[in-house]
Amino acid sequence: MLPDSNVNLIGSNGFFKFKISQKPDRPLGSIINNSAAIYFDFNAPIITNTYSHTLGNEFVEFRVITSIDPLNPLKMSIAPNPMNDYTTIRVDNPNFEIGELLLMDVNGRLVKNLTFQGNSLELQRGDLSPGVYWFEVWSSTQILGKGKLIVQE
């Protein structure tokens with residue numbers, strides 16, 4: 001029962017939380033693909049992009065959904081994720097010079113806004129509470145990618 005985005009853009013955003021258990025004894029390196037169908041009223045569903053997750057030791061490899069140059073897709077990674085004291089975000093592009101990281105809580109409130117130079121940023125935990133955060137990486141006025149960061153207790 002969200003309002004239409006033409007009436008209330010911020011109020012039209014929503015999320016839901018869920019947990020899925022994977023099959024036991026999946027070996028490291030296994031790939032889990034996931035997508036979703038989003039239904040609005042009685043319209044046909046909108047199918048999301050497929051997200052691929054490679055099982056590993058406490059990390060989530062992050063691939064970008066948008067790119068500056070569609071012929072040369074930009075790759076990013078964030079590790080470790082989940083994080084304890086710090087995590088490093090890397091942009092795999094030799095032409096990338098200056099970036100901005102926006103970190104939001106699950107309610108969409110901005111909790112950190114950091115500018116960085118070069119291809120990586122080490123994000124210190126500082127006063128971040130345990131939980132799930134959303135991040136976006138920007139270059140000038142264009143979003144390069146976004147993802148989820150988990151901060152452990």
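**Alanine 36 and its contacts**

I started with alanine 36, which touches Ile46, Ile47 and Thr48, leaving aside residues up to four places away in sequence. Contact here means heavy atoms within 4.5 Å. This is a predicted model, where local features need pLDDT of at least 70, side-chain atom pairs count only at pLDDT 80 or more, and totals for chains, interfaces and linings use all residues. Residues are numbered from 1 along each chain as its sequence is written, and side-chain values use heavy atoms, with hydrogens and water left out.

Next I checked where alanine 36 is: the loop between β1 and β2 (37-38). Strands are DSSP runs (E, at least two residues), numbered from the N terminus. Alanine 36 is partly exposed, at 35% relative accessibility. For the cut-offs, I noted that buried is under 20% relative accessible area, exposed is over 50%, and partly exposed is in between (1.4 Å probe, protein chains only).

**Aspartate 25**

I found a positive phi of about 65° at aspartate 25, although this residue is not a glycine. Aspartate 25 sits in the segment before β1 (31-34). Buried or exposed, I wondered about aspartate 25? Aspartate 25 is exposed, at 77% relative accessible area.

**Two cis bonds**

Which peptide bond is cis, with omega near -5°? I got the one from alanine 79 to proline 80. Proline 80 lies in the loop between β5 (75-79) and β6 (86-92). The peptide bond from asparagine 81 to proline 82 is cis too, with omega near 15°, and proline 82 is in the loop between β5 and β6.

Notes. Helix = DSSP H or I, 4+ residues; strand = E, 2+ residues; numbered from the N terminus.
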